[in-house]
Amino acid sequence: MEQYEPLTPPQRAATLRSMTNGRGALARRSLLRAGALGAVATAGLTGCGIPAAGRTGSSTTSTDHSATEKVVDFSNWTEYIDVTDDGKHRPTLEAFTKRTGIKVNYTEDINDNVEFFGKIKPQLSAGQDTGRDLMVLTDWLAGRMIRLGWVQQLDSANLPHAYANLAQRFRSPDWDPGRAYSYPWQGIATCIAYNKKATGGRKVTSVSQLLDDTSLKGRVAMLSEMRDTIGMTLLDMGRRPENVTDDTFDAALARIQKAVDSQQIRKFTGNEYTDGLSKGDIAACVAWAGDLVQLRIDDPDIEYVFPDAGFLFSTDNLLIPNKARHKTNAERLIDYYYEPAIAAQVSAYINYVCPVAGVQPYLAKIDKSLADNPLIVPDAAMDAKAHEFRSLSQDEDTRYEEKFSKLIGA
């Protein structure tokens, strides 16, 4: 059974970067307010190490009250579901309640994976109910939760739409082969973005250009998230992030260091690169596709590319914690969001990669431009380029984050 010690200084630094300007701060429709994130950062980093704990017989059993209690308690990230223009209604949740009679207590109480884990770890480690039936965690933490034995295996009998409609690219991550414990809520793609006015009309299509093209010197940004920046560089070098080793990690790091030393790279950023990209201060960068759907509406000079060498792909995932009171109700809600018509409503609002096969015609009825957008509905060519950064051990994560923090000056 895997065990975890309190976060090391490099891991805490990486978490703080994520919470304030990285993936943890990535908006689900618009950017999270920095003030709110700053408030949770201090609390989240105080005693937030994942404790040494594992599965026990008593901690994994759970009485399901779904038949008598028509409710499901759902924790999600801020602005990560469809809402009406006035912000007062969540149409798909309300339709689920009308159809099933199950009330959804929906809470936007996830600002960062580690900070949220700090809220629920005392109950999980003690084998107690967290007060939640369903939660959304990013893939690396979802995998750790599974290995710790703190989430429940899903009943496929309650998930006919999910089982049938899960897109192929999402079906078997290394941390949950066959999706026994999780289903994706949304996918997150990492790509290259550039301002064609700032590049003089020249296309930027590879990490090699970012690191070596002197016409871009001093106007390149890379992400402050280790997996994204190292992973994209590995792919450009002909290496697979799924198979990263100490040697290949160090080789990618050295290549980026060379571009830092030559001042080719202007800075390492979270999603604040969007402002510099629009202004032209940043000519090209590694970017998150979820930022670009809205950014390109406002600025037609912004272009994006999924390099021929490949791109990084990750997921936010639905999981049911141990001792959840309403497991069957939670599974019914998961399955509901795998009906293509329902998935289309969510995708049209939040603009992330949809994990549901067959969503495109329903999305086209809402907005044809969204249905044709590979940032939301990837095509076969994009699928072929997608790669995932493999799960890291605690020791690897500590060492890699320490080296990366030195590189970016964090």
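A salt bridge here is a side-chain nitrogen of Lys or Arg within 4 Å of a carboxyl oxygen of Asp or Glu. Keep that in mind as we walk through this predicted model. By that rule, the count comes to 22 salt bridges.

Start with Lys196 and Glu303, whose side chains meet at 3.4 Å, N to O, and so pass the 4 Å cut-off. This pair links distant parts of the chain: Lys196 sits in the loop between strand 4 and helix 8, Glu303 in strand 8, and 107 residues separate them. Lys196 is partly exposed, at 33% relative accessible area.

Now move along to helix 8. Asp212 makes a salt bridge with Arg255, again 3.4 Å from N to O. Because Asp212 belongs to helix 8 and Arg255 to helix 10, the pair ties together parts 43 residues apart in sequence. Asp212 is partly exposed too, with a relative accessible area of 48%.

Helix 10 also holds Asp246, while Arg399 lies in helix 18, so their pairing bridges 153 residues of sequence. Elsewhere, Arg144, Arg227, Asp397 and Glu401 join up in a salt-bridge network.

Then there's the nonpolar side of things. The largest nonpolar core has 119 residues, and Ile230 is one of those touching the most other members. Strand 4 is the top contributor, with 8 residues. Domain 1 and domain 2 both supply residues, so this core lies between them. Beyond its neighbours within four places in sequence, Ile230 contacts Phe249, Ala252, Leu253, Ile256, Phe389 and Phe404.

Key:
Residues are numbered from 1 along each chain as its sequence is written. This is a predicted model: local features need pLDDT of at least 70, side-chain atom pairs count only at pLDDT 80 or more; totals for chains, interfaces and linings use all residues. Side-chain values use heavy atoms; hydrogens and water are left out. A nonpolar core is a set of buried Ala, Val, Leu, Ile, Met, Phe, Trp, Tyr and Cys residues joined through side-chain atoms within 4.5 Å. Buried means under 20% relative accessible area, exposed over 50%, partly exposed in between (1.4 Å probe, protein chains only). Helices (H or I, at least four residues) and strands (E, at least two) are DSSP runs, numbered from the N terminus. Domain bounds come from an automatic or database domain assignment. Contact means heavy atoms within 4.5 Å.
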